[in-house]
Amino acid sequence: MITKLATDNDGFSRKFFMYNRARDGFSSLLKSLDFNNQESVLLPAYIGWSSREGSGVFDPVLENKLQYTFYAMDESLNIDLDSLKYAFDNNKIKLFVIIHYFGYVDPCYDQAISMAREYGVTILEDEAHSFFTNFIGGVSGRKGDASIFSLHKMFPISTGGMLTLNKAEKNVISSAVDIIFPFNFDFYSMSRKRIDNSILLAELLRPHSSKVTIMRPVLKSGEIPQTFPILINTVSRNKLYESMNDSGFGVVSLYHTMIENISNDLFPRSHFVASRILNLPVHQDIENSQINKMVSELLLQIDILEKNVIS
């Protein structure tokens, strides 16, 4: 029989918990998993720190006094599957964390998830940058057991975090916060604008590959970017960051400083990226004319810095 209306409450259910910050939701999940002294959290070796914000995804691990280990990323911030397997083989992993950096999905996403399932671990997808990739694109957040989101990084609001469980049986305690799911925004139109802005940036920067490397040159179906990551090839990223912001273009650097637990000796590729990465804004408030001006200013400032180095 087919009922007139859907009646299955469990078939496509996802449990939502609201927090002030995504890291608070992560901490709640960690507490619910009941780690023993031998069990570890497995994290990617590209996690940043700042004096103002600390480290969003790593701080809860330290605060809960948990064991941890890292798997390597390559110079495009893609998962090193050999390093990932080594970590699973040589540690007792309880929770595997995969980060969807800047709203993009790792090309090894499916393989990494399959590997984690073989070892029987719980999977968290860090989607601080991937709200739209999850809810509009539908290409992240469905393969793991849980996801965390930073709502204030994607919407014009000052605070807000969320933990989502794909299976609601876990006993996760939600903090009572006065935050609601941001239904008062047009998710699709915001996503479409971010996609269009990213495509335009790629077109404008592609001819200048000697000066900048586009980290995600192809926007795959379903991906909606948080920012547009590039590597600066010829000049100081820090000086370029300062000059661009002084010129009125709000670029960021995710992440300019690695947490001290990720050493340059063990993870040199992560430190290479951290020293060169610049993230260009693509949010929904930006118009095409502003992107053209931003790229012109970026190339101008690179030329100026290159000449200063020569002189």
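1. Leu 280 is in contact with Leu 201, Leu 205, Thr 227, Phe 228, Ile 230, Val 251, Met 294 and Leu 298, leaving aside its neighbours within four places in sequence. The model is a predicted one, and these contacts should be read as belonging to that prediction.

2. Leu 280 is also among the residues that touch the most other members of the largest nonpolar core, together with Phe 96, Leu 205 and Phe 228. That core holds 85 residues. Helix α9 (residues 288-310) supplies the largest share of this core, with seven residues. A second core of 13 residues is separate, and Phe 132, Leu 151, Phe 155 and Met 162 are included in it. In soluble globular proteins, nonpolar side chains tend to be buried together.

3. Three elements, α1 (22-32), β6 (146-150) and α7 (237-246), each supply at least two residues of the lining of the largest pocket. Helix α7 gives the most, with three residues.

4. Ser 40 lies in strand β2 (residues 40-44). Ser 40 counts as buried because its relative accessibility is 7%, under the 20% cut-off. Leaving aside neighbours within four places in sequence, Ser 40 is in contact with Phe 35, Gln 67, Tyr 68, Lys 92, Ile 93, Lys 94 and Leu 95.

How values were computed:
Residues numbered from 1 in each chain as written. Predicted model: local features only at pLDDT ≥ 70, side-chain atom pairs only at ≥ 80, totals over all residues. Heavy atoms only, no water. Helix = DSSP H or I, 4+ residues; strand = E, 2+ residues; numbered from the N terminus. Core = buried A, V, L, I, M, F, W, Y, C linked by side-chain atoms within 4.5 Å. Buried < 20%, exposed > 50% of the residue type's maximum accessible area, 1.4 Å probe, protein only. Contact = heavy atoms within 4.5 Å.
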